Amino acid sequence: MNFLRSITPIVFGFLFFLPMSSVDSLGWEVGILGYELFLKENQNQKQLVVPGWDFHTQNWGKVFQSEAYLHRVSSESLFVGLKDKNKKNQIHWDLDIKLTSGPETGLRNYYLGKNHFLGYETKVFFLGVGRREHLFSPKSFSSFFDGGEGLFLELKPEKSFLVQFFLWDHYSGSLLFSKDQFRHLLYVSDEYETNSKTQVTSFSRNHHRRQSFGLVYGDFLTLRIGFHYLELGSFGPNTKDHPPETKKSFADGDSLFSGNFGFGAHFEHFSFEFDFLWSKGNDRTRSKLAAHSGSIPVAGEAIQLGTELRFGGFKFRSSHFLSDRAETNEKHQIVKEGYISFGTHPSQTPYLSQIFRVFPSAAVTEKGYEKNFAIIEGRSFGYLTELVISFEFPPLVVKCIGNYFVPYIQNVPSDGRISVNRREFERFFLAEGMMEVSLKEEAGLELGVGISQLFLPETFNLTSNFGYVYGRLQI
């Protein structure tokens, strides 16, 4: 199969460096996923009036809203995973990769886990190559992930003090299987290649060099600081304004410098996380939307807050994200761009994080720098909150998750600052509630079923629900 041929060199490249005595300890994972989506446009006299917003970033949105129909998707996908974490002398490796049934079932050929690396370790430092999680990333949302893919160095002067240097990071959106498994359900025509027999998803994934540095200090009380620098060049639809300069020097001056400063408190029954995020940079552009001809400065900020309560098998977690927005003048021109994020979508419900995939700020994804005001694949400034209630009574696990997102108003002048005033936000919202029940056996077998309901204002004329079942066996 094509996906197996494409990933074989990566897998065996890692295995080649492993001591042969350890290969027998490799862990394998086999999984199957089935799902069904119902998306219906209702017929009524109420019109959606949201200036500056579209259903989708492509023209497909207009076609969708002009025809009433029931959009139904039913399918299944498969994956085989490899996991191993071990150390031999001074060689340390952590392998985690999934081979999937490929684009024919809406997935990429393979997905790396949060860590998938090989390295050399001493008492003073660790030098590795592969994917490594940013341990200094914000922690308010439990499912958020960002990491480097390339060459990294870690220093550990003390037991509770870690410094990470990502010397060469081939950034491509930090994709994970858990954040991408349902994303293809509403892909549109420009991302499909159709022949007479089947419909195959054509994924767009770009890479660009990024440098990162961060540190984590503390155990029960933790401090984390991180910095990232990315030379955008022509990385993304919002950066292709100066092709001559880009062709000549491989960059046209578009750059982004971002960071985070946060702390956490962890006790037996309670945890608290807070992060302040910022981004600085420059977007050279010829667009008339720029207040100053030639470029738009980037100077954005955002905050994240998370709390968690734990009592036995019961867990309650509340997470919040609030960004600033673009500063605009009376002519609706952009004076200053708002916060731009890295990494995966912060939430974990299917609609907001994958099917619609609406980020609560501008973002640098696997497609590069993106900012737009759309319901599907949106990158818009606003407020996102997530509530998670879970109960674990082995082998039973029950989890309920709610997400709510409301964007800032886009058609009025703005000072670009973070606001908690309700009048500064749009009249509409996107919300979702999901429930998942699973059985997890100690032998490595896991079976689960989940359902999700989308909640939108009546003026959207749209109702949708989604269900999935999965099975996973670890050997």
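How do the residues of the lining of the largest pocket divide into nonpolar, polar and charged?

Analyst: The model is a predicted one, and the values below are computed from it. The lining of the largest pocket divides into 17 nonpolar, 15 polar and 16 charged residues. The space inside this pocket amounts to about 1,400 Å³. Its lining comprises 48 residues, and those closest to the pocket centre are Ser178, Gln348, Lys399, Glu436 and Arg472. Among these, Lys399, Glu436 and Arg472 belong to the class counted as charged. The element that gives the most to the lining is strand S28, residues 462–474, which supplies 5 residues. Arg472, one of the residues closest to the centre, falls within the residue range of that strand.

The largest cavity has a volume of about 200 Å³. It is lined by 20 residues, and Phe144, Leu277, Tyr339, Ser341 and Phe342 lie nearest its centre. Strand S14, residues 255–266, provides the largest share of this lining, with 3 residues. By class, the lining of the largest cavity holds 10 nonpolar residues, 9 polar residues and 1 charged residue.

The second largest cavity has a volume of about 70 Å³. Its lining is formed by Gly173, Ser174, Leu175, Leu176, Lys179, Asp180, Gly343, Thr344, His345, Ser353, Arg357 and Phe359. These residues divide into 3 nonpolar, 6 polar and 3 charged.

Phenylalanine 321 is placed in strand S17, residues 314–323. Phenylalanine 321 counts as buried because its relative accessible area is 4%, whereas the cut-off for that class is under 20%. Leaving aside neighbours within four places in sequence, phenylalanine 321 is in contact with Phe141, Ala302, Ile303, Gln304, Tyr339, Pro360, Ser361, Gly382, Tyr383 and Leu384. Of these partners, Tyr339 is also one of the residues that lie nearest the centre of the largest cavity. The C-alpha atom of phenylalanine 321 is separated by 6.7 Å from that of leucine 305, a residue 16 places away along the chain.

How values were computed: Residues are numbered from 1 along each chain as its sequence is written. This is a predicted model: local features need pLDDT of at least 70, side-chain atom pairs count only at pLDDT 80 or more; totals for chains, interfaces and linings use all residues. Side-chain values use heavy atoms; hydrogens and water are left out. On a 1 Å grid over the protein atoms alone, a cavity is a set of points where a 1.4 Å probe fits but cannot get out, and a pocket is an open set with protein on both sides within 12 Å along at least five of seven lines; lining residues have an atom within 4 Å of a point. Grid points are joined across faces, edges and corners, and a volume is the space filled by probe spheres set on the points. Helices (H or I, at least four residues) and strands (E, at least two) are DSSP runs, numbered from the N terminus. Buried means under 20% relative accessible area, exposed over 50%, partly exposed in between (1.4 Å probe, protein chains only). Contact means heavy atoms within 4.5 Å.
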